[in-house]
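Dear colleague,

Please find the structure below, with its sequence. My notes on it follow, and I would be grateful if you would read them with the model open.

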Number of protein chains: 2
Amino acid sequence: MNADDENQGRLKLRRIAIDTYRENVAYLHRSCSIYRAEGFQALAKVRVFCDGQQIEAVLNVVDDERIVAPDELGLSEQAFAQLCAEGGRAVRVAQAEPPESMEAVRRKIGGERLTGEEYRAITSDIAHNRYSKMEMAAFLVATGQNGLDRDEVLLLTQAMLDTGVRLDWNEPVVADKHCIGGIPGNRTSMLIVPIVAAHGTLIPKTSSRAITSPAGTADTMEVLARIELMPDVLDRLIRTERGCLAWGGTTRLAPVDDILISVERPLGIDSQGQLVASILAKKLAAGATHLLLDIPVGPSAKVRHMRDAMRLRKLFEYVGDRMNLHLEAVITDGRQPVGRGIGPVLEVRDIMYVLENDPRAPVDLREKSLRLAGRIIEFDPDVRGGHGYAIAREILESGRALEKMRRIIKAQGAQDKEFGLGALSFDVLADEGGMVVAIDNLHLARVARLAGAPISKGAGVDLLRKLGDTVDRGEVLYRVYAAYPANLGFARDLTTRRSGFLMGENERVPGYFVDY
Amino acid sequence: MNADDENQGRLKLRRIAIDTYRENVAYLHRSCSIYRAEGFQALAKVRVFCDGQQIEAVLNVVDDERIVAPDELGLSEQAFAQLCAEGGRAVRVAQAEPPESMEAVRRKIGGERLTGEEYRAITSDIAHNRYSKMEMAAFLVATGQNGLDRDEVLLLTQAMLDTGVRLDWNEPVVADKHCIGGIPGNRTSMLIVPIVAAHGTLIPKTSSRAITSPAGTADTMEVLARIELMPDVLDRLIRTERGCLAWGGTTRLAPVDDILISVERPLGIDSQGQLVASILAKKLAAGATHLLLDIPVGPSAKVRHMRDAMRLRKLFEYVGDRMNLHLEAVITDGRQPVGRGIGPVLEVRDIMYVLENDPRAPVDLREKSLRLAGRIIEFDPDVRGGHGYAIAREILESGRALEKMRRIIKAQGAQDKEFGLGALSFDVLADEGGMVVAIDNLHLARVARLAGAPISKGAGVDLLRKLGDTVDRGEVLYRVYAAYPANLGFARDLTTRRSGFLMGENERVPGYFVDY
């Protein structure tokens, strides 16, 4: 190309203040000479070049010069940040080729097995944002359900781990804990971390914010302390206190998972293979040598049948063993929410009751946390098998867990705002008497979410009755808290349709299984 | 909800001049009270209500009040048009539920067969824009490759046909013709339609514009006549002239296909089931009773092996028979482009040579068109089997086809602009001597496209050599035309890397099969 052509292909970069989440979007004016000459089409992908950097983005065509002028190329926040350039710089645009690894995805759709190299090419293209949402959806569906055999799950785990940095703590036991989720109020991490750290085992667990649930551990911890810490601060804190309760943030650890999740969640595709690879790659990247998995099972939990839980456990074990990770999976009671509170402030109340050995502490939250913490403590070679629970209980009852929690809060930085319960509330009453035989986890999560949790810290649901309790007609089942009338209205609308509690005189509460 | 809550949930509608193609996008300011209270997340789907209408859209979060203010809800062009409301109207926004039929898609991903009712629910949700790109990708992948058995293809065809209006011409023979594509220059429709219409058989064929190819029939016809006609004008024209060469546009006929294609193309998923259902639903909706299918086979065609062509033909026949459509499929020579010209103006030149019985007419384009037209003429009960070709040839040689073409051009409205060949050109030379043993359809299409076709009518490729020709080193293989230097440069870069022609002394030209 001569200099003239070169200039013809240049546009001025402009940052467009539109948040397109995990998808890069480029905005081109319809009268832009490049757009007309190239015959681009809206939603085709383009590649944008600037000062040796390049990114790919989906193209949106704009007819308003105030958004983007004909001699400009606009990029959404995400895309702009990735290009690491300044507004006004000269950029060049070309039609993007589909990522090369899509060829392997198409063969996967056709039912073939892929190699480790192919999985690495795919995760690398995803990590470099070369996949559109559609392409990610295609990959997820092709590998969903029974699309991956267990050796492919292993290859995918390895590929995800290879895409990003990996921490090394230089210790023989680096413990971590993960719950596959779906149970409201299941905030055991905030008890397990102080207990395990007080024992002296390193547990550098970072937490996530809620995406579809009414609270993630990060949202709840934020009631007490700062959770967004700089990597070096976090590192020092973990080495000093042996544990932390900070936000994982957008880490460079196995970043593919963070990207895929933006497609997986809205699609609601259930893929055990993807789940196992994502979790294990994340934990291995964080430097874990020992992992305790919590798999709750219940009629409204993520895993609904014992046989599915067993299958999932075996898949975790198969991959974990081959990745040299000491992995133990416990199948737990997921028939109802854990504790009483659902939503950040209410959950903190329950957690502090447990740490303070207050008689109002919910027994189920306390017991589950002690048993899981006990299992992790037994990762310590100096602890005799079966002694973990007693050690955990001693740490809790002696106040050492509370002390450790206070140190962690102080180290992370105590929260300066004081969060209270939402000022508005209403009660949901039993419309018939009997025994509580079922509580719908999903429904109560939805109520808490509509009430404003987790954005509104004081919003949520406080359960006054749980499975097996006998109630009279008109008794309060749970109380809903909200900060804004609109939220209260949304939540009330939903509870009017259905409380989420099932009563029965003769029906039996579904079987309870313990596998701790 | 009381009146206060009601007002809290209202925003002012604003049209945002961004073309998001087939995806609805809603723009909400980050400080908008609704966004904050509901805890929406970018790229989550929202439902927008206005005056009894509702649509769904993907949410983008905006930080610039010039694009959308905190009390406004912006909608992209597509979404705004669908809502059929005026700017400034009060709208309400709520979190959208995923479309109900996604449950069936998830079961399809799991390998289950779906029922006719489920396919109808899916196509209806897609037609009402309730599916996001991701969800459509999930559906396409789940039904791709061998995801659909032939009875499911039938059910899907029926479902697509049921979603939209269906024309009825009240005639016993309503002919149509379709080529499954992939061969540049294959502009037989512009010869078949005048020949068949001159015979008197009704052929209400509408055409598409190119999406990924260097020209669609609509792009090429536009060189000669107006192609965007109002439905009533088109209807009158077809009844008078017995045929037309107009743009199908965004019709209400089997609209699901138009929507799915926006995901299918960029993903490059190859699904025979989807292909068959899409084509047949479209043709049946347009009122066709008889259909001739052209399935080109060649090493760089869409269908690469004879066995795949046979499988596709049988699937078409199976579904066509059960939909009461008289269907004949012919497998044709797809080893190289048809005719000499690739790109609108060049293709028109070839077509006019054929219609004018000019000795410069490309033989392959003339012969293929006559044979296909002959097969369609034999749909006429008064024509004896085997006589179609001779009738077609007589219509062409007598000048009646040219006369019919002139009438159609006049009826549609002759083009007032005159399109010439691109002013810039370069030659691609043979870098070795020998016999032309292969021509890469995809590569030549790409060259023509980079040169500016179809947007730039005079851009494209003019083939001077074809399969079986003997050339000396340095002889011209083809000439590339462009209107702009940048385009010429793009095309030249590509041809420098590879011409797309393969020479060989001893190698044989791949076998030629005729099945007319």
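**A strand with two faces**

A residue is called buried if 20 or more other C-beta atoms lie within 10 Å of its own, exposed if 12 or fewer, and partly exposed in between, with C-beta atoms placed from the backbone. Helices (H or I, at least four residues) and strands (E, at least two) are DSSP runs, numbered from the N terminus.

Strand 19 of chain B is joined by 4 bridges to strand 15 (residues 434-439) of chain B, and the two run antiparallel. Opposite B:Phe501 in strand 19 of chain B stands B:Ile439. Two strands are said to pair if DSSP finds at least two bridges between them.

Before going further, please note that this is a predicted model: local features need pLDDT of at least 70, side-chain atom pairs count only at pLDDT 80 or more, and totals for chains, interfaces and linings use all residues. Residues are numbered from 1 along each chain as its sequence is written, while chains are lettered from A and ligands numbered from 1 in the order in which they are written.

**The two chains**

Chain A can be laid on chain B with an RMSD of 0.1 Å, by a turn of 180° and a shift of 0.1 Å along the axis. The two copies are therefore related as by a two-fold rotation axis. In chain A, the C-alpha nearest the axis belongs to A:Met134, 2.5 Å from it. The superposition is by least squares on the C-alpha atoms of residues with pLDDT of at least 70 in both copies. The same surface serves both copies, as 100% of the contact residues of chain A recur in chain B.

The contact takes 53 residues from chain A and 53 residues from chain B, where two residues are in contact if their C-beta atoms, placed from the backbone, lie within 7 Å. Among the elements that give two or more residues to the chain A side are helix 1 (3-8), strand 5 (53-62), helix 6 (133-142) and helix 19 (485-497) of chain A. Helix 6 of chain A gives the largest share of that side, 7 residues. The chain A side divides into 28 nonpolar, 14 polar and 11 charged residues. Here Ala, Val, Leu, Ile, Met, Phe, Trp, Tyr, Cys and Pro count as nonpolar, Asp, Glu, Lys and Arg as charged, and the others, Gly among them, as polar.

Strand pairing also crosses between the chains: 2 bridges join strand 5 of chain A to strand 2 (residues 18-19) of chain B, which run antiparallel. The bridge partner of A:Val62 in that strand of chain B is B:Ile18.

**Nonpolar cores**

A nonpolar core is a set of buried Ala, Val, Leu, Ile, Met, Phe, Trp, Tyr and Cys residues joined through C-beta atoms within 7 Å. The largest has 281 residues, and those with the most contacts inside it are A:Ala137, A:Ala138, A:Ala451, B:Ala137, B:Ala138 and B:Ala451. Leaving aside residues up to four places away in sequence, B:Ala137 touches A:Met134, A:Ala137, A:Ala138, B:Val263 and B:Leu267. A second, separate core of 60 residues includes A:Ile18, A:Ile67, B:Leu11 and B:Leu75.

**Domains of chain A**

The domain assignment, which is automatic or from a database, gives domain 1 (3-95), domain 2 (175-248 + 278-412) and domain 3 (424-504) of chain A. The C-alpha centres of domain 2 and domain 3 of chain A lie 26 Å apart. Between these two domains, 24 residues of domain 2 are in contact with 20 residues of domain 3.

An open sheet of 4 strands in chain A has the order 13-16-18-14, with antiparallel pairing. Its edge strands are strand 13 and strand 14 (424-429) of chain A, each of which pairs on one side only.

**Two loop residues**

A:Thr20, in the loop between strand 2 and strand 3 (25-29) of chain A, is buried, with 24 other C-beta atoms within 10 Å. A:Asp382, in the loop between helix 15 (363-377) and helix 16 (388-397) of chain A, is exposed, with 7 other C-beta atoms within 10 Å.

With kind regards
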